Amino acid sequence: MFLIDPGPEAVARWLMWHHLYGWGARAEFSLGLALAIADAMGLKQNDATVEYLIDLMAAVQTIRACQTAAVHEPEPTLTGFCAPNHRHVMAGGITLFKARQQIGEILRIVPGSSLVVAPSDSDIAAPGLAAGLEEAFAGGGYNAAQRAALLQLAWDHVSSGLDGRESAFELHASGGMPTWRGRLRKSFSDYNELANAVLKQLDCDMPPIDLSGIPAAPLAARRVNTPPAHSPETKK
Amino acid sequence: MRTGAEYRAALRDGRKVVIMGGGEIDDVTTHPATEAVVEEYATWYDRHFDPDWADTLISPAGAPWAFVAPRTPEEVHGIGRAIAKTIFLSAGNITHTPLYGHLIALGVIVAAEKRNAGAHHITNAEAYRREVAESGRFVTFCGGAPIVGQRMHPDPANRVSVKKVRETDKGMILRGRLGMHTSPAYAEEVYVGSFTGLQVDGHPAGFIVPVGAPGVTTLCRRPATREANPFMAPLSSRYDELDGQMWLDDVLIPWERVFAVDPAPEAIPRWLRWHHLYGWLAKAEFTLGIALALTDAMGLKQHDMTVDYLVDVIAEVQVVRSCIAGAEYEPDFTASGYCVPNHAHLAAGGISLFKSRQRISELLRIIPGSSLVVAPGDSDLAIPELAQGLEESFGGGGYTARQRAALLQLAWDHVSSALEGRESAFELHASGGMPGWRHWLRRSFCDYNQLANAVLDFIDLDMPAIDVSGIGTAPIAARRAVSLLPDNPAKK
């Protein structure tokens, strides 16, 4: 049993760093698959495909930059542990929350409709189908089994029950977008400095500005479930 | 470091400057279209003598960060901090400074080293950087590409910006017209890049044009339309750096100012895009600062939707800060050991801000409410028959009507003025726009094959090894070509 501070930062700040690495890994895996499929589908010189890949790279690289900044500008805890900088982690998380659906969609787009109709290994092994499937899915240095394996991997990654579970889980596990935004609000540190700095452009005396209440506000309380009022029918 | 007065004096060099719509001007230090920005640059120099700024602007070794050639991540960070703190002072509107010019000079060394067309080119580039650092001269950048009319010349051989008239033992004589670049009226020299197509010793050439040299004419764009009253236009009355074009009429470029350079976009622009991103960040941070100040002034600090808007802006600002920090903590090194910010991280930050910049401005237009549109000026507040009514309408909650109106006018000037329009139009072109930044990310992203082959480990089959490295090595897309249509009767 531990007497602990009930504020969400003490424990969660470590975990959110790890969450972001997890999301970053998922995004990198999506990019890896998209690159592999660009090769397998003979699309690495297709301009539209490369543009989709750059969309993925931009998301992945932003997270990498945020994590790099977080570990190079850490914040010490009271007892001297070195924690990653929360602001940089939050910025990365919010970016990925915005991008994650688009990342999934791009990986569904890049392979073309072959993604939807790719055969399985048992289909390819079926004597009545094998030759036709080889004709339909092999070529360009890949046999049908190899190309189909990649397509199935993509499907499993972004169109499966596992993908649906991952999305549903991550929208709640670390509090979802509202919490990441709330934590950025709490960890951003320049409220008064920025607000008062712009006043220097004005040629008149201005009241000093104090916005320290914005980050000091507690995170939004967990939502309250309102039970319905008992109706006469319910009483029956 | 030179003083602001010395900088002002250096601008009285006989330069020929024409303002579009305003004619030729005699002295940029006193003309109403240019004086205010000259003063900002003079203050930039003088700030280096201000003890309050010493920690920010002077390195531990006692040199101005503006002219340090970085060899370590700490030096990159020091330069970056100096950029960040000074560019915020103009809300990101003064995008070119002498520090930017020194980055150009650093880039010229790297471009010469990469091309490696002869030791004298590298030696000349190094000597030039030293001269810039020692003199504090202000250098600006021009890519050198032909302007639209030149690109439509009937003779393909004449579709160039500049031509070599002849060579002498002292240098080459050039004639032509150079396209958009920034602050030529305030700079002392312009580096012209390899888009001219000129060659030296059989290699692409970059060269330095002194703005005050005989035969040089600088044509500045028309100033952004603005109120003369600083209360109504606190930013655009001071920070309208003028972009321009340059005409060369038999101008001598000494050989020691002509460099054989690598034309790839990594050598010089990679330094400049770092500075560009700081400028965009400063604008976003300034927007956030005004939004925060207005949240206070409009009594909205506890209004949930307003705070949500603020968090939107904070998230965009913080992403770019993180990308810049990442770029400086994980730098790359040039062949000769200069330390440059990591390009992939910078590109990610630039792309993020390209996506969000319009939304950031809209949020600042939303937060104050419609008071932004109808805020009075100081002259309205001084009119006896309006004063009391305006005080009733705009005073209260710890702010006088004048104070609240001043903030609203600052917001308007920042995101709803001609200065804002110029900034947007300029930045969509100056560093290549979104296509350029996306392509630079494509070239600097480094894990293509590693990622593609790593996912194959999840497949229980022998798979072909994947090589997608060609995606990262593709050249930057060529500049768009203009279509030359046959003359139609109407034109004749």
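Predicted model: local features only at pLDDT ≥ 70, side-chain atom pairs only at ≥ 80, totals over all residues.
Helix α5(B) is mostly covered, for 16 of its 18 residues are buried.

**Helix α5 of chain B**
- The helix α5 of chain B runs over residues 98–115, and from its first C-alpha to its last it reaches 26 Å, close to the 26 Å expected at 1.5 Å a residue.
- The residue that follows α5(B) is B:Asn116, and the phi of B:Asn116 is positive, near 55°.

**B:Val192 and its surroundings**
- B:Val192 belongs to strand β6 of chain B, which covers residues 189–192.
- Leaving aside residues up to four places away in sequence, B:Val192 touches B:Cys142, B:Gly144, B:Leu178, B:Gly206, B:Phe207 and B:Val209.
- From C-alpha to C-alpha, B:Val192 and B:Arg402 are 47 Å apart in space, and in sequence they are 210 residues apart.

**Two packed helices in chain A**
- Two packed helices are described by the angle between their axes and the distance between the axes.
- For α1(A) and α3(A), the packing angle is about 30° and the axes are 10 Å apart.
- Because angles under 35 degrees count as roughly parallel, α1(A) is described as roughly parallel to α3(A).
- The crossing of α1(A) and α3(A) is left-handed.
- On the α1(A) side the residues that make the contact include A:Arg13, A:Trp17, A:Trp23 and A:Leu33, while on the α3(A) side they include A:His86, A:Gly93, A:Ile103 and A:Leu107.
- Sorted by class, this contact of α1(A) with α3(A) has twelve nonpolar, four polar and one charged residues.

**The contact between chains A and B**
- Chain A gives 57 residues to the contact, and chain B gives 61 residues.
- On the side of chain A that touches chain B, the elements that give two or more residues are α1 (9–40), α2 (47–72), α3 (86–109), α7 (144–158), α9 (176–187), α10 (191–199) and α11 (213–216) of chain A.
- The largest share of that side of chain A comes from α2(A), which provides twelve residues.
- By class, the side of chain A that touches chain B is made up of 37 nonpolar, twelve polar and eight charged residues.

Notes
Residues numbered from 1 in each chain as written. Chains lettered and ligands numbered in written order. Contact = placed C-beta atoms within 7 Å. Helix = DSSP H or I, 4+ residues; strand = E, 2+ residues; numbered from the N terminus. Nonpolar A, V, L, I, M, F, W, Y, C, P; charged D, E, K, R; others polar. Axes fitted to C-alpha atoms, helices over the stretch in contact; angles between N-to-C directions. Parallel < 35°, antiparallel > 145°, perpendicular 65-115°, else oblique. Left-handed = near helix turned anticlockwise from the far one by under 90°. Expected span 1.5 Å × (residues − 1). Buried ≥ 20, exposed ≤ 12 C-beta atoms within 10 Å, placed from the backbone.
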